[in-house]
Amino acid sequence: MSGSDDSSWSRALMASSGIALDHGEASQQRSAEWHEAGSAALTRERLMQLASHREAEVREVIALRGDCPMGVLATLAYDRRPQVRRAVAASARIATAIAAHLSTDRDPSVLRALARNP
């Protein structure tokens, strides 16, 4: 297991559980859209727009939101970037059908996140 997989999974778990993430140097380098995606004031319309953002980090934050619509989670479960699929697998809102799809994922970090999701 590589360290980057662990830190990404840990970040996904912390975000999905509502634990504050470190907003040190790394978050200062994040895009405005990344910050917007995690905002409590994000509208549903804007959430839908950000769910297809070009930056995988933005889509990852959207997948971890407690208010992420099930249809968006289902779409993000097919994302080409493993970090986004890992975030879907760690989501507290994941549906059985989405979990079943992700259980066949080839990326081990996605499978670990899914296995650790209660």
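Reply: Happy to! Helices H5 and H7 pack with their axes 8 Å apart, at an angle of about 5 degrees. That angle makes H5 roughly parallel to H7. H5 brings Ala56, Glu57, Arg59, Glu60, Ala63 and Leu64 to the contact, and H7 brings Gln83, Val84, Ala87, Val88 and Ala90.

A word on the basis for all this: the model is predicted, so local features need pLDDT of at least 70 and side-chain atom pairs count only at pLDDT 80 or more, while totals for chains, interfaces and linings use all residues. Residues are numbered from 1 along each chain as its sequence is written, and side-chain values use heavy atoms, with hydrogens and water left out.

The terms in that first paragraph have set cut-offs. Axes are lines fitted to C-alpha atoms, for helices over the stretch in contact, and the angles run from 0 to 180 degrees between N-to-C directions. Under 35 degrees counts as roughly parallel, over 145 as roughly antiparallel, 65 to 115 as roughly perpendicular, and the rest as oblique. Contact means heavy atoms within 4.5 Å. Helices (H or I, at least four residues) and strands (E, at least two) are DSSP runs, numbered from the N terminus.

Now to H5 itself, which covers residues 56-64 and is mostly covered, with eight of its nine residues buried. Buried means under 20% relative accessible area, exposed means over 50%, and partly exposed lies in between (1.4 Å probe, protein chains only). The buried residues of H5 are Ala56, Val58, Arg59, Glu60, Val61, Ile62, Ala63 and Leu64. One of these, Ile62, has its C-alpha atom 8.8 Å from that of Met48, 14 residues away along the chain. Met48 belongs to helix H4 (residues 44-50) and is partly exposed, with a relative accessible area of 41%. Apart from neighbours within four places in sequence, Met48 is in contact with Pro69 and Val72.

H7 is largely enclosed by the rest of the structure, since eight of its nine residues are buried. They are Gln83, Val84, Arg85, Arg86, Ala87, Val88, Ala89 and Ala90. Pro82, also in H7, is partly exposed, with a relative accessible area of 26%. Setting aside neighbours within four places in sequence, Pro82 is in contact with Asp107 and Val110. The C-alpha atoms of Pro82 and Asp105 are separated by 9.0 Å, although these residues are 23 apart along the chain.

Ser109 is part of H9 and counts as buried at 2% relative accessibility. The side chain of Ser109 also makes a polar contact with the side chain of Asp107, at 2.4 Å. A polar contact is a pair of N or O atoms within 3.5 Å; within protein, one must be able to donate a hydrogen and the other to accept it, and residues adjacent in sequence count only if both atoms are side-chain atoms.

Asn117 lies in the segment after H9 (108-116) and is buried, with a relative accessible area of 19%. Not counting residues up to four places away in sequence, Asn117 touches Ala89, Ala90, Ser91, Ala92 and Ile94. The side chain of Asn117 reaches the backbone oxygen of Ala90 at 3.5 Å. The C-alpha atoms of Asn117 and Ala99, 18 residues apart along the chain, are separated by 9.7 Å.

Stepping back to the whole chain, there are nine helices and zero strands. Buried residues make up 41% of the 118 residues. Among contacts with a separation of 6 or more, 45% are between residues 24 or more positions apart.
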